[in-house]
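Dear colleague,

I am handing over the structure below, together with some notes on what turned up when I went through it. Please read the notes with the coordinates open beside you.

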Amino acid sequence: MTIQQSISAPMPPETTPATEPTAADATARVTPMMEQYLEIKAGHPGLLLFYRMGDFYELFFEDAEIASKTLGIVLTKRGKHQGMDIPMCGVPVERSEDYLHRLINAGHRVAVCEQTENPAAARARGNKSVVSRGVVRLVTPGTLTEDTLLDAKTNNYLLAIARARGSAGGDRIGLAWIDISTSEFMVTECSTAELAATLARINPNEVIVTDALYGDADLGPSLRELPAVTPLTRDVFDGATAERRLCDYFAVATMDGLSAMSRLEATAAAAAVTYIDRTQVGKRPPLSPPSREAAGTTMAIDPATRANLELTRTLAGERRGSLLDAIDCTVTAAGSRLLAQRLAAPLTDSAAIARRLDAIATFVADSFAREDIRATLRAAPDMSRALARLSVSRGGPRDLAGLRDGILAADSALARLAQLNAPPAEIAAVMEALRRPSRGLAREFERALAEQLPLIKRDGGFVREGYEPALDESRNLRDASRLVVAAMQARYADDTGIKGLKIRHNNVLGYFVEVTAQHGDKLMAPPLNATFIHRQTLAGQVRFTTSELGEIEAKIANAGDRALGLELEIFERLSALALNASDDLRAAAHAFALLDVATALAKLAVDDNYVRPEVDGSLGFAVEGGRHPVVEAALKRDGQPFIANACDLSPGPAQTSGQIWLITGPNMAGKSTFLRQNALIALLAQIGSYVPASRARIGVVDRLFSRVGAADDLARGRSTFMVEMVETAVILNQASERSLVILDEIGRGTATFDGLSIAWAAIEHLHESNRCRALFATHYHELTALSAKLPRMFNATVRVKEWQGDVVFLHEVLPGSADRSYGIQVAKLAGLPPAVIARAKSVLAKLEAQDRGQTARALADDLPLFAVPSRAAAEAAPPSEAEQLLDAVKALHPDEMSPREALEALYALKTLAKERKI
């Protein structure tokens, strides 16, 4: 989804674009308020403007029409502009976050404009003066911090993408992604071929790119399909100023104070912080220094594989039924986010995987420690998001209390962890991080904060009595004045004889006397009209004031304002203490998440009988008693067992590459489940988790590929078979010896012999060229003949039993091959009419009489095997020297180059021509 809205640098009033006055302007006077609105709106084109007026955010003109339609609220009008009615709608400030959430989900961005002075100050300047207002924040999908706008269990990433042109299509991509709600900041670099897998792993909520990249013929179409993509001007991605902007944001003198990164990564990182700076309007959220993710440190998983394996979402887009849902036993939001991160990026370093497994093993062995720690974690708040809200002035008293409770929970966790015997490295690091926050900070917060806390700070009442003497004095004065109002109401009721008389308050009229309509005339008639001054008549009530009430109101307002002002000063003071300790608090928050994931995976291992895998640098892949974690969980809920199966793709004796299993058997027998479960076991092993098996040895997988299921892509004009072939092409072109490939039913979307030929050739290519570990399920039984010629190919089948004309699925995978697919029996189970079943049996009998299997065996004998060209042999001849120079010229993009870059490119071409003697 693309959002065609620009986030430009804020323009001061004197530089706001002006338009020539028209005849309509001359005849239609613009009110001071509308003049102010139009000026602010002109500085933020393309965004919906929430314009604060009292207790409401109002929207006008086209913004009002868009918001009214999106939110389903009433569209009204307010005055005229250039002779036309002004459309208007509004949302109450107290419920604004709900409406913001709906607008953001609908693909809109919002500029929030607040009153920046007290209305009394505006009135002091003159009766026609307008309250000063200014935009305090731009709300976009990737820059959210409020709990009500975020999914507690999911990161909310803003991603910046920068590109560096290379010769002969060798472009490089720099990526930087930030979650300002947790302060995480990562950078990496990849090739254009790796971009899709990297984007799928990061799963951003908002993406910013250059105008040129957005319109690129090759990358543009795929980028425009990402959520909330915003093309920005080139200055945001200016590589020449990237280091300066990063140093400025982090307040360091040189890049030496930050982690090492390439120039392209720095360009993307600078673009991300510039965008955050603009959207937060000067309130810079504290971010962790950029952490560089080196190439090859995580398992590469392309988007199709992630979708097919349903890692974090099912194909229907739901979390329930996914792998993440099946294994997530965490008790904190931060722990759930960390587990999702690990699942998205399995490690390829066996030593790092072992450290994670050691931490889990500690809590598998000590169930009492595991449950005690989990009980403590349940009381630990989401400290990182509380800090983020405080840093951008969107926090409340409960965020301060959350930090206090987090520090106290750290003490409880440390006390229990100290009882462990020789804690492993990861747990030792957790303990060190939990010691970092100041306990004095928790004591100060405990002394300052009341027992019952409001959600928002402007409601007041969150400072404990006795903490600040001046505040106690103001509160006493305010409360005493309110008792005076209550006594006044009783006196007025007695004096007028109106028992239903009330003294009420709102933000527009202040304090007022209210009676029902039937008593209104009495107060407006002598002698009571000398005391009661009419203010407002409504449908059922009449409102009045008195000079005495006005005097009391002034005293109450002064006392109440003084008390609230003191509370807000205390809040800012406490917030500053928290932000000064933000590094230590973030370290403790991450430690809680690590502890949560370790104990959660330990609980999963114990409850569901998972085993610790052996992960090493070999090409081995041996699983005994393997099970599908999601299917097993579903069957367990229904009280049914899961049939476990073994799989061994390790190289055989005297072999240097892994095996390919060709699996045949009927539909519904469990072939796809078997394929997926082994892929998921490998993935779980490499995130550092125990696995659903009785034993597992996994040689590190560098890339995981899955071609399972059938779906079309009509938006791109791709049929089901075309999608299948595109995904197969990715596998055959990218899989390496260390990859794990699962393929299900290749070639079934076309004519029988076309599909058989494609599947045949694909198996040969996997065996001879890719040389990867693979599971290949098929209904082309003719392919089993290849096992006689391909030494690393192994035939396996799913066991079934026929009983009185029906088929019984036993779900056991055994050596051998199937000679039938039992498709007609499955069709019968699905409910096809008996006449169709009978006719199908008749046709099948005639087709089987032709003995196509004999033809296939003859074909296997006749075809020259191992004729698959190696990758090296398949490469084209190297280009000539003149062609190399021409390619270098074609790779240049003058419109995207600075003068200096253009001059450097010219010198490089001249040097190339001289070296090649052209």
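**What was found**

An open sheet of six strands runs in the order 11-10-7-8-9-12, and its pairing is mixed. Please keep in mind throughout that this is a predicted model. The edges of the sheet are strand 11 (229-232) and strand 12 (291-292), each of which pairs on one side only. Further in, strand 7 (residues 158-164) and strand 10 (residues 206-210) pair in the parallel sense over three bridges, and Ala160 has Ile208 in strand 10 as its bridge partner. Helix 6 (residues 195-202) lies across strand 7, strand 8 (172-179) and strand 9 (184-191), and its direction is at about 5° to that of strand 8.

Turning to the nonpolar cores, the largest one has 117 residues, and Phe363, Leu417 and Leu434 are the residues with the most contacts inside it. Helix 23 (residues 582-608) gives the most to this core, contributing 16 residues. If neighbours within four places in sequence are left aside, Leu417 is in contact with Phe363, Ile373, Ile427, Val430, Met431, Leu434 and Leu595. There is also a second, separate core of 31 residues, which includes Val187, Leu264, Ala266 and Ile276. As general background, nonpolar side chains tend to be buried together in soluble globular proteins.

Helix 23 also packs against another helix: its axis and that of helix 13 (residues 333-344) come within 8 Å and cross at roughly 70°, which means that helix 13 is roughly perpendicular to helix 23. On the helix 13 side the residues that meet helix 23 are Ala334, Gly335, Leu338, Leu339 and Arg342, and their counterparts in helix 23 are His590, Ala593, Leu594, Asp596, Val597 and Leu601.

Finally, the cysteines. How many disulfides does the structure hold? The count is zero.

With best regards

Technical notes: Residues are numbered from 1 along each chain as its sequence is written. This is a predicted model: local features need pLDDT of at least 70, side-chain atom pairs count only at pLDDT 80 or more; totals for chains, interfaces and linings use all residues. Side-chain values use heavy atoms; hydrogens and water are left out. A nonpolar core is a set of buried Ala, Val, Leu, Ile, Met, Phe, Trp, Tyr and Cys residues joined through side-chain atoms within 4.5 Å. Buried means under 20% relative accessible area, exposed over 50%, partly exposed in between (1.4 Å probe, protein chains only). Helices (H or I, at least four residues) and strands (E, at least two) are DSSP runs, numbered from the N terminus. Contact means heavy atoms within 4.5 Å. Two strands pair if DSSP finds at least two bridges between them. Axes are lines fitted to C-alpha atoms, for helices over the stretch in contact, and angles run from 0 to 180 degrees between N-to-C directions. A disulfide is a pair of cysteine sulfur atoms within 2.5 Å. Angles under 35 degrees count as roughly parallel, over 145 as roughly antiparallel, 65 to 115 as roughly perpendicular and the rest as oblique.
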